[in-house]
Amino acid sequence: MQPGSLAEAIARTLAQWTAERRVARLWTKDASLWTSSGEEKWLGWLDVIEAQRRELGARTALADAIRTEGITDVLLLGMGGSSLGPEVVFRVIGGATGAPRLHVLDSTDPAQVKRFDDAVDLRSTLVLVASKSGSTLEPNVFLAYFFDRLKQVVGEAEAGRHVVAITDPGSQMQKVAERDGFRAIAFGEPTVGGRFSVLSAFGTVPAALSGVDVACLLDEAAQMADACRSEDAATNPGVALGVVIGEAAKAGRDKLTILASPGIAPLGAWLEQLVAESTGKNGTAVIPVDLEPRGDASTYGSDRLFVYLRLAADADADQDAFVEQLNHAGQPVVKIDVRDTYALGQEFFRWEIATAVAGAVLGINPFDQPDVEASKIKTRALTDAFEQEGALPAEAPVVLDTEMAIFTDEANVRALGPVATPVEAIAAHLRRVVAGDYVALLAYIDMTTDNIAALQEIRAVIRAQAGTATCLGFGPRFLHSTGQAYKGGPDSGVFLQITCDDAVDVQVPGRAFTFGVVKAAQARGDFGVLEERGRRALRVHLGADVAAGLQALRSAVEGTYQ
Ligand SMILES: O=P(O)(O)OC[C@H]1O[C@](O)(CO)[C@@H](O)[C@@H]1O
């Protein structure tokens, strides 16, 4: 770590943590470390490793049974903490020979739902539906769709045998699982929130099913947990990291920019949720910046804190050189050496402690997510309206042409000034960006390789030209991750929401709406909350040809800076 001018504040806070024995207070779940508003009820993740070790036999038995029966694919349906952790574990460690492939569906984009359906043969697929609350909209509509498909493909009597639920005890999903004869139910721990759940059943069940050595993963986590008991804050790997992140944010370095070796890069998506949902509230936030295209080290602002997760077995020489340049440019960089892929278990625990500690330094409750509910309420109102009226409420664009239509509220229209075309509106919007802001692209489109690449190019242009941090989230996935910080954090976000016409749509069985309608309602609900919070937000609606629309958007963004 080269903390630059932060060094003093960090040293002071570390000394305070040691002198006041705050590490012991954390482990004894003392809510007064935070805001004394019930934090003690959400610290079950401190004890979850031992509890999961007791479940290892059950995990192995289920994994062996499905393999013997010829299951080739596991399709996980879930959002946020119920999907991001399993996806990271599979992408970083999974893929053992002979083990089922794990697919993670966390989008209501109809093309994406269809793509996942086409990717698996349901006769040899186990559907794993994961939801702590059991009431989240997305896993419930995914389950409705895939249970219906299973009935068609394997028959009514067999469908339940192809489904396993992971949920907290007493949830509505448990009732559904019992009613529909699911093969098994694995229970979560109610004192562990979604984003802290990766070392609970929500992470260990999918990991075991996809051939990951869960005992080894837990051993790694336990090793880090032991290190995080150290009362000396400066040598406590989780506490020290949390103090750096918290103090950096207080000093204006609130864009936590994640650099990671390719072999461990998927961890960034999990970190985004953990950090953003935990710290982004009451007008404060640590904004995670993941997978941002790199620029010249000298061009980054003074609002950045870099974290470099370097995988010893898979280090990238270019990345090493870039980090060196950042050091020379005086940027603070925290370097974390990750021994091998199983050391991911260590990182999970280190970052959970660090996030909790950063929350304490920032004086917030890191275990709630007050602003996520707001967009859920608006979305529900819209889907209810659709069920009653057969259509979503009409809306009128501010300007449109053949490729893009622009939507926003009165306050944003006034701030844009007179604009005659979508291109002018986008340019006026991006000109509102000032130093210390971040620009977030919120894309409610299929998360394909091509769409990711096109959006990353747009992001690269904005980063280079505006000189600000840039983020990319796919809707509705980011709603259960960074979305909390975008709404609850400081007013430094400039948002470009991207929606499209769906070339194909898919009916949600048993409901009056399609996945396309759900996604549209989620985008509108999300936008409505941004408007309500007075955020700088513009929605660009593309046609059904998303590739052409993204090209038009890119030209508009490039044109802004010419
Ligand atoms: O597991 P659940 O209850 O479906 O929740 C999914 C996600 O939604 C949130 O509750 C809110 O976005 C996350 O914290 C959570 O991980």
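Q: By class, what does the lining of the second largest pocket have?
A: This is a predicted model. The lining has 15 nonpolar, eight polar and eight charged residues.

Q: How many residues line that second largest pocket, and which lie nearest its centre?
A: The count is 31 residues. Nearest the centre are Glu-87, Arg-91, Met-447, Ile-452 and Arg-477.

Q: Which elements give two or more residues to that lining?
A: Helix 5 (84-92), helix 6 (110-119), helix 13 and helix 19 (449-466) do. Strand 2 (101-105) and strand 13 (469-474) do too.

Q: What volume does the second largest pocket have?
A: About 810 Å³.

Q: Switching over. What volume does the largest pocket have?
A: About 1000 Å³.

Q: Which residues lie nearest the centre of the largest pocket?
A: Ser-133, Ser-135, Thr-136, Lys-376 and His-480. They belong to a lining of 46 residues.

Q: And which elements give two or more residues there?
A: For the largest pocket, strand 3 (125-131), helix 7 (137-154), helix 13 (267-279) and helix 16 (372-389).

Q: Which helix gives the most to the lining of the largest pocket?
A: Helix 16, with nine residues.

Q: What about classes in the lining of the largest pocket?
A: That lining has 18 polar, 16 nonpolar and 12 charged residues.

Q: Last one. From which domains does the lining of the largest pocket draw at least three residues each?
A: Domain 2 (46-212) and domain 3 (372-560).

Definitions and conventions
Residues numbered from 1 in each chain as written. Predicted model: local features only at pLDDT ≥ 70, side-chain atom pairs only at ≥ 80, totals over all residues. Heavy atoms only, no water. 1 Å grid on protein atoms, 1.4 Å probe; cavity = no way out; pocket = protein on both sides within 12 Å on 5 of 7 lines; lining within 4 Å. Points joined across faces, edges and corners; volume = space filled by probe spheres on them. Helix = DSSP H or I, 4+ residues; strand = E, 2+ residues; numbered from the N terminus. Nonpolar A, V, L, I, M, F, W, Y, C, P; charged D, E, K, R; others polar. Domains from an automatic or database assignment.
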